[in-house]
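Open the structure in your viewer and keep the selection tool ready. We will go from stop to stop.

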Amino acid sequence: MRRGFIALMLSAIAACSHVATPDPAPTAAIAGEDPELRLVGGRELRAELASADVDVVLLNVWATWCVTCREEFPDLLRLRRDYRDRGVAVEFLSGDFPSHSADVSAFLRELEVDFPTYLKAGKDMELIEALHPEWSGALPATFVFARGGAVVQWWEGAASYETFAAAVEAALARKRSTP
Amino acid sequence: MKRIVIAVLCLFAVSPSAAVELGAPIPLAEHSMADVDGKRWSVGEVSGQKGTLVMFICVHCPWVQKWNARIGDLGRGARAAGIGVIAVNANDPKRVPQDGPDGMRRQIATNGFEFPYVIDNGSTLTRAYGAQRTPEVFLFDAKGALVYHGTVDDNADDVEDVEQHFLRDAIAAVAAGKQPDPRETKALGCNIKMYTGAD
């Protein structure tokens with residue numbers, strides 16, 4: 001039963017897979033922001049995530065003005081702590097306007113974030129198409145990538161710790177079942 | 001394990017519903033909604049000879065706030081070109097108090113909205129369109145077929161740096177009896193806070 005369920009889930013997430021063409025380019029840190037904020041466009045971000053030396057990357061796209069984004073943020077930080085030794089990276093991309101970078105930094109400091117995160121640069125369309133062409137652009141949105149950068153799961157709207165953990169576990173199981 | 005299984009199943013439940021497809025007719029054209037003064041409107045009532053523009057917006061969303069003045073301008077321009085216009089507040093004010101009638105009145109006055117701005121109490125229209133975010137616009141041609149779906153332009157943050165005026169160009173095309181190009185666009189925006197109770 002359990003094996004059958006996992007196979008079903010793996011088939012489902014495989015059907016959701018999407019790989020964008022990477023376009024490697026450096027990201028730029030915004031001077032003076034603490035914790036570090038890296039300005040990044042959609043294709044650059046995909047390239048960075050694809051080159052990450054981990055089995056799974058979970059990317060959360062959020063914004064300071066988005067209440068549900070702020071609400072789920074602590075669960076994502078907990079997820080990051082719980083899975084960091086299991087080959088999972090949890091990354092954050094703020095959709096705030098670059099002119100509001102101070103607000104982004106203030107929120108991150110409030111939650112004691114002490115690692116670099118991303119801030120959207122460039123056109124929205126480019127970011128949306130790079131992450132997943134079916135994404136409407138609504139925030140929050142969460143994307144789960146396998147090693148190498150293929151999207152194995154994504155959704156828009158807020159989620160719970162259990163949902164984030166389930167997505168990560170499914171991606172890890174998929175990796176284990178791949179020769 | 002059980003909680004994880006349930007959560008995995010929930011992943012599929014939170015995927016976005018599909019928006020109205022290009023070429024589809026106006027959904028729920030006769031569905032009646034009240035504006036801030038209690039006057040009732042339907043999309044069918046506001047339809048123009050050349051087409052109909054339906055805009056899902058709200059008060060609090062920073063993306064809408066950035067585009068508010070442009071939405072007012074485009075609405076006036078569309079009406080002048082024979083395209084009927086209606087804006088729909090898609091958010092439940094119980095979830096976001098700023099999106100209540102007082103906020104709507106200020107938004108109308110500040111941005112010169114000269115078109116009906118109604119409250120989608122129950123989210124009936126929003127769900128029928130499959131709208132996911134604010135702002136999100138749907139433009140129908142003279143025959144009532146969807147010909148443009150998406151966003152306002154390619155730069156919410158700074159009107160001076162707009163390179164592609166998606167909605168302005170789509171309105172001009174529809175007014176001229178032509179197909180917009182592009183027909184679908186996207187932008188970041190606020191997820192719609194649907195009404196969760198009974199309609």
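Select A:Val144. Leaving out residues up to four places away in sequence, A:Val144 touches A:Val56, A:Leu58, A:Val152, A:Gln153, A:Trp154, A:Ala167, A:Val168 and A:Ala171. Two residues are in contact if their C-beta atoms, placed from the backbone, lie within 7 Å. This is a predicted model: local features need pLDDT of at least 70, side-chain atom pairs count only at pLDDT 80 or more, and totals for chains, interfaces and linings use all residues. Residues are numbered from 1 along each chain as its sequence is written, while chains are lettered from A and ligands numbered from 1 in the order in which they are written.

Now widen the selection. A:Val144 is among the residues with the most contacts inside the largest nonpolar core, which has 102 residues. Others in that group include A:Leu58, A:Phe145 and B:Ile171. Such a core is a set of buried Ala, Val, Leu, Ile, Met, Phe, Trp, Tyr and Cys residues joined through C-beta atoms within 7 Å. Which helix gives the largest share of this core? Select helix H6 (residues 161–177) of chain A: 7 residues of the core come from there. Helices (H or I, at least four residues) and strands (E, at least two) are DSSP runs, numbered from the N terminus. In soluble globular proteins, nonpolar side chains tend to be buried together.

Next, show the strands of chain A. An open sheet of 7 strands runs in the order E1-E2-E5-E4-E3-E7-E8, with mixed pairing. Two strands pair if DSSP finds at least two bridges between them. Strand E1 (28–29) and strand E8 (151–156) are the edges, each pairing on one side only. Zoom in on E1(A): its pairing with strand E2 (residues 37–40) is antiparallel, over 2 bridges. A:Ala28 stands opposite A:Leu39 there.

Move to A:Pro140. It sits in the loop between strand E6 (138–139) and strand E7 (141–146) of chain A. The peptide bond from A:Leu139 to A:Pro140 is cis, with omega near 0°. Most peptide bonds are trans.

Jump to chain B. B:Asp181 and B:Pro182 are also joined by a cis peptide bond, with omega about 5°.

Last stop: B:Ser123, in the loop between strand E5 (117–119) and helix H5 (124–129) of chain B. Its phi is positive, near 65°. Is B:Ser123 buried or exposed? B:Ser123 counts as buried, because it has 20 C-beta neighbours inside 10 Å. The cut-offs are 20 or more other C-beta atoms within 10 Å for buried, 12 or fewer for exposed, and partly exposed in between, with C-beta atoms placed from the backbone.
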